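Please consult the sequence and the structure alongside the text.

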Amino acid sequence: MRREAPKSFADYTPLLFPGLMLVVFFVVPFSTMIAVSFFKRNPAGFYTPDFVIDNYARFLTTFFAGVLGFSLMLAVLVAVCCVSIAFPFTYLLTKRSRRAQTLWLVGLLSVLSLSEVIIGFAWSTLFSQTAGITNLFVALGLMDKPVALLPTFGAVLAGMIYQALPYTILVLYPALVRLDPTLLEAARTLGASPVKAFFNVVTPALRNTIVATLIMVFVFALGSYLLPQILGRPRHWTLSVLITDQAIYQSNMPFAAAMAVFLVLISLALVGLTLLVGRRENAL
Amino acid sequence: MNRLISTQVSRRSVLGAGLATAGVLAMPSILRAQDKSLKVGVYGGYFKKSFDEHVFPDFTKATGIAVESVAEPTGEAWLVQLEQAAKAGQAPADLSMMSQTSTLKGQSTELWTPLDTSKFKHYGDLLPRFINKYPDGRVAGIGAVAWWITLVSNTDVYKEAPTSWAAFWDKANEDKLGLLALASNSFLLEVTAKTFMGGTNALDTEEGLNKAFEKLAEVKPNVRLWYRDEAQFEQALKSGEIPMGQYYHDVTGLAIADGFHVRTTFPKEGGIQDSGNWVLSRASTKVDEAHAFIDYMSQPSMQGVMSRKVGTTPTLKKEVLDLTPAEFASVSSDIEPIIPRYDLYTSKADWINQKWTELIVG
């Protein structure tokens, strides 16, 4: 199929609808947020339109740098863990029968119907001392007495991986299902073991998909604000938690907006960097 | 719209014309224009359930004004929503229950319609701390409900009731406490000042505040959960997972009545008394209905009903109430309360918030 460059205005019309949606649901809200981030905060009330950089200045401290650093680290870790678990899982899933695949996918989709609140409370019960899994370990003779597994960093990580894993699998699934089987057959014919073929053939062939999935999970995890509160200590709170505090509890919209703009810019920069590195590697 | 109906055309002819005009029928406000109604925002969950059950039906019976209750979130989310809506001329609720800090913040943008106190028969019986005034003396809000934050503990874990807020600082309680996560809803600075610094006046100066923060930092190792969401702590308190902390006296009372092994204690330094006001959004047109509602709620008999059925503390003088001494004791205490320094959360809001966040996160 040959693609012709669009010539007349009419050729561009299919772009109108997505373009309009992008403007309405992204450009307008995001511009509003940027504008508000420069407004002047009135501590006794709300804010007045103005152009001040106080909100950004307040953010530039080691304290907020630490929180931002932690949030980014957590999101990267969740993304890496999710893809490391989901990629082999999805690969093996595509080798099952059609029926088994459907059942698994329906199961995964149903996990998506759980809200963050339910996931948070379920895991907090599971990790608790009074009703948690350690009671099971005690009953099995693996432990002496039940202990609380939260609030810990591990609990936060587990909750967030659980929440993001179905998305990861659903994003990876189409690419893996469409993977040309002859690639693997060739590898096997040339004497590669299934494990070797997976790592040396399947993984490199899908490198772009993997990078795209990592980015998606990273962005998804960056917005999490409930699970770190329910499963972690204050030092595990992400920047999103502090943004919520400012917006909801302190009604300091300008500062909340400035923090959010900062978070968006940093994550866009990271995503850009990842793509840049990926492109350079591909070019070699 | 009321005027349109009463002066130019009869209600019947509007209805007749409406049959031909789908657009008119799509506006139910016209069809119901003659019914008196009021949208009242109350804190979602327990308060809303109690008001729907014990308050609103009787009010409608007594006055003929229908009430639509709106569940509002605690914190300042509702204030922000009301403010945004008022800018657009909308009122998601006419009257709302509003915390003291939020009432003060709303004052700064004239968000609240000043109330005409001559319409409240029992205005003179209200305790002065339950009348919220603009700086120029106009009344911005009238006490709606008052409640206590007390020292709560699990009776299985603590056989003896703690007697002082100082228990939070006890090294024996390491990793055992659940405290509210914000300076402006936990009022722990006030607790620190009253317990160790002779009273909340110690917070008048920045030096005093710094001292209170320093003292409060010693509590950190004992805190297992800094909660924003009540359910999070209540569950853990009942199960003994987090056996001590600060919590609402009324809700803890309900948990005791349900047989859970918890207790609520008024420490010798006093419980924290917080309260909410009835405030009227400036975008609301239901000024008369709103006054009728506040008047109804401020009657001694209604305050009695609230104390007995909802467990809130009366906003009126003790003398005019019909509560028995035992009933009064269950919703209040003769120990002098710790009254939060609401002024700090408007005048020094950002400074305190920043110090506080660094204290608990850092």
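For the packing of helices described below, axes are lines fitted to C-alpha atoms over the stretch in contact, and angles run from 0 to 180 degrees between N-to-C directions. The model under discussion is a predicted one.

Among the contacts in chain A with a separation of 6 or more, 67% are made by residues 24 or more positions apart.

Two helix pairs of chain A share helix 7. In one pair, helix 3 (residues 62–94) of chain A packs against helix 7 (residues 153–177) of chain A at an angle of about 45°, the axes lying 7 Å apart. Helix 3 of chain A contributes residues including A:L77, A:V78, A:C81 and A:T94 to the contact, while helix 7 of chain A contributes, among them, A:L157, A:M160, A:T168 and A:V177. By class, this contact of helix 3 with helix 7 of chain A contains 20 nonpolar, 3 polar and no charged residues.

In the other pair, helix 4 (residues 98–112) of chain A crosses helix 7 of chain A at roughly 135°, and the axes come within 9 Å. Helix 4 of chain A and helix 7 of chain A are therefore likewise described as oblique to each other. The crossing of helix 4 and helix 7 of chain A is left-handed. Here A:L108, A:V111 and A:L112 of helix 4 of chain A meet A:P166, A:I169 and A:L170 of helix 7 of chain A. The contact of helix 4 with helix 7 has 6 nonpolar residues, with no polar and no charged ones.

Is A:Y225 buried, exposed or partly exposed? This residue is placed in the loop between helix 10 (207–222) and helix 11 of chain A. Because A:Y225 has 18 C-beta neighbours inside 10 Å, it counts as partly exposed. Its C-alpha atom is separated by 5.4 Å from that of A:S240, which is 15 residues away along the chain. Apart from neighbours within four places in sequence, A:Y225 is in contact with A:T238, A:S240, A:V241 and A:T244.

The account now turns to chain B. Strand 6 (residues 177–180) of chain B is covered on both faces, B:L177 and B:L179 being buried on one side and B:G178 and B:L180 on the other. Strand 6 of chain B runs parallel to strand 7 (residues 223–227) of chain B and is joined to it by 4 bridges; B:L180 stands opposite B:Y227 of strand 7 of chain B. Strand 6 of chain B also pairs with strand 8 (residues 244–248) of chain B, in the parallel sense and over 2 bridges. In strand 8 of chain B, B:M244 stands opposite B:L177.

Finally, the two chains meet where 24 residues of chain A are in contact with 27 residues of chain B. On the side of chain A, the elements giving two or more residues are helix 3, helix 11 (227–231) and helix 12 (239–249) of chain A. Helix 12 of chain A supplies the largest share, 3 residues. By class, the side of chain A that touches chain B has 14 nonpolar, 9 polar and 1 charged residues.

Definitions and conventions
Residues numbered from 1 in each chain as written. Chains lettered and ligands numbered in written order. Predicted model: local features only at pLDDT ≥ 70, side-chain atom pairs only at ≥ 80, totals over all residues. Contact = placed C-beta atoms within 7 Å. Nonpolar A, V, L, I, M, F, W, Y, C, P; charged D, E, K, R; others polar. Buried ≥ 20, exposed ≤ 12 C-beta atoms within 10 Å, placed from the backbone. Pairing = 2+ DSSP bridges. Parallel < 35°, antiparallel > 145°, perpendicular 65-115°, else oblique. Left-handed = near helix turned anticlockwise from the far one by under 90°.
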